[in-house]
Amino acid sequence: MAYITIQIPPDATPGVDTLTFQYQGQELEISIPYDAQVGDVLQIQVGANDDGDVAACDGVDGGSDNIDGIAKGEIGKKSSPLDEMDGVHDKDETTVTGSKDDTSVALGSGTNPSFTLQLVESRPGMTQNEGDGTNAMVWPSGIVLAQALTCDAAMEYMNHMFNRKSAAESSDTSFLHCMELGSGLGVCGLALARALKLQNIEARILLTDLGETAIELLKENIQRNQQAFTSDDRTVNVEATSLIWGETLPNTEKFDVILGSDLLYNTSESYEPLLQTITQHLHQDGTMVLAVRWRKPDLEKQFFEKASVLGLKFVLWKDVMETPQLRTRCPCQLSWKEYGDSECEAFKTFFCETKVSISNNAKSLAEINESDMEYMSDTEYTKFEECQIQLYVGKFVNIDKTAAKKRSIGDISS
Ligand SMILES: C[S@@+](CC[C@H](N)C(=O)[O-])C[C@H]1O[C@@H](n2cnc3c(N)ncnc32)[C@H](O)[C@@H]1O
């Protein structure tokens, strides 16, 4: 272990901002403690912890030895309400229960029979994780999307999508081809499998993530939750394979549905590779269903802007977001363009008037700071997370066809 010191710069806000620095070629980030002041010198302890991660602990003027975060790439730190990032380990009993190696997520609402997914987070003798480790837990937006996929409104939406496909194509291709990107433990893909089984829709669902360790976990979770999607007559096949964003599957298979939850956290550099994989694999008439947990809207919007340029337009999944159930959980009905826009009155109203109860005090999203987050109960934390989650659907808007038509008219006149 070694120590370095950093002075809090004059324009920084303790309790809100973070400081990044380079250590042994790796960028580390540390939250500025809320009880620190501008000009204070933070003593940062850096070095490898038991897991081999580079850890950073800080204390003001060498004071406390509180661990403020494990700095691993860009993840695992809390800095502000919009920057905060944490997975679900042991949460709200009504929806999620968990032990160290097992998380349960209850699916099904309205007229649908319930089913509880059991998701393992590690396996004996699991080897080094090739990714950033975020696959080994269930994320709040994953739970929201999984539960949304099994609600009545989403089932109706998918049934409609399937009927359209069946009418348009011959019977041997009327399987619904689905894929999930960055599946983690597979919560969303398995929920989709459940929803399609309940709708009697034949489908193949491919769960993907980065590296063999993640795929081992996914295969284990598919195996454990077979009952969710197997039935005597119709078949839903669920498989797992490694797929790194920017790459394509060997046969460039096209999918009718691509799912993704909490994929935009990983710096804007990942957006182009992610979009490359999406646009390579999404059928021209297919639908991408995306759960977004907003943390840095200015950055995350770039994903939607880049998608737009490629002809892939995302709109709020209103069929589901406007249901009373989702409206209560994820109240933000704004578009991605409006979210986080400090000039947008509707966003300002949302941010200043959406309240979360913390120890019996109602605080708006704008007021919540890092120390509030530390004292939130599991239920309060879930509510806080869900206020910053939205579900979108993306489809190709066929701008190319219009452009091609215009060009061909030009050729004739010459
Ligand atoms: C925040 S987790 C979300 C996991 C899951 N979707 C959920 O909501 O619970 C992000 C996931 O994306 C995966 N991921 C990150 N970068 C990736 C990349 N370049 N290629 C493929 N998967 C990636 C991670 O391994 C992880 O499983």
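**The ligand and the spaces in the model**

I start with the shell around the ligand, whose residues divide into nine nonpolar, eight polar and two charged. Please keep in mind that this is a predicted model.

Which residues come nearest to the ligand? There are 19 residues around the ligand, and the nearest of them are Trp 139, Gly 182, Asp 209, Trp 245 and Ser 261.

Three of these names come back when we look at polar atoms. Asp 209 uses its side chain: an N or O atom there is 2.5 Å from an oxygen atom of the ligand. Gly 182 uses its backbone, where an N or O atom lies 2.8 Å from a nitrogen atom of the ligand. Trp 139 also comes in through its backbone, with a polar atom 3.0 Å from an oxygen atom of the ligand. As for cover, the ligand has 600 Å² of accessible area on its own, and the protein covers 95% of that.

Now, where does the ligand sit? The answer is the second largest pocket. This pocket holds about 430 Å³ of space. Its lining has 28 residues, and those closest to its centre are Thr 134, Gly 182, Asp 209, Trp 245 and Tyr 265. Sorted by type, the lining of the second largest pocket has 13 nonpolar, 11 polar and four charged residues.

Next, the cavities. How many cavities of 30 Å³ or more does a search of the whole structure find? It finds two.

I will describe the second largest cavity, which has about 40 Å³ of space. Its lining is made up of Leu 149, Tyr 157, Met 158, Met 161, Leu 192, Val 257, Leu 259, Val 289 and Trp 317. Two elements give two or more residues to this lining, namely α2 (152-168) and β13 (255-261). α2 gives the most, with three residues.

What kinds of residue line the second largest cavity? Nine are nonpolar, with no polar and no charged residues.

Terms used: Residues are numbered from 1 along each chain as its sequence is written. This is a predicted model: local features need pLDDT of at least 70, side-chain atom pairs count only at pLDDT 80 or more; totals for chains, interfaces and linings use all residues. Side-chain values use heavy atoms; hydrogens and water are left out. A residue is near a molecule or strand if one of its heavy atoms lies within 4 Å of it. A polar contact is a pair of N or O atoms within 3.5 Å; within protein, one must be able to donate a hydrogen and the other to accept it, and residues adjacent in sequence count only if both atoms are side-chain atoms. Accessible areas come from the Shrake-Rupley method with a 1.4 Å probe; for residues, only the protein chains shown count as cover. On a 1 Å grid over the protein atoms alone, a cavity is a set of points where a 1.4 Å probe fits but cannot get out, and a pocket is an open set with protein on both sides within 12 Å along at least five of seven lines; lining residues have an atom within 4 Å of a point. A molecule sits in a cavity or pocket if more than half of its atoms lie within 2 Å of its grid points. Ala, Val, Leu, Ile, Met, Phe, Trp, Tyr, Cys and Pro count as nonpolar, Asp, Glu, Lys and Arg as charged, and the others, Gly among them, as polar. Grid points are joined across faces, edges and corners, and a volume is the space filled by probe spheres set on the points. Helices (H or I, at least four residues) and strands (E, at least two) are DSSP runs, numbered from the N terminus.
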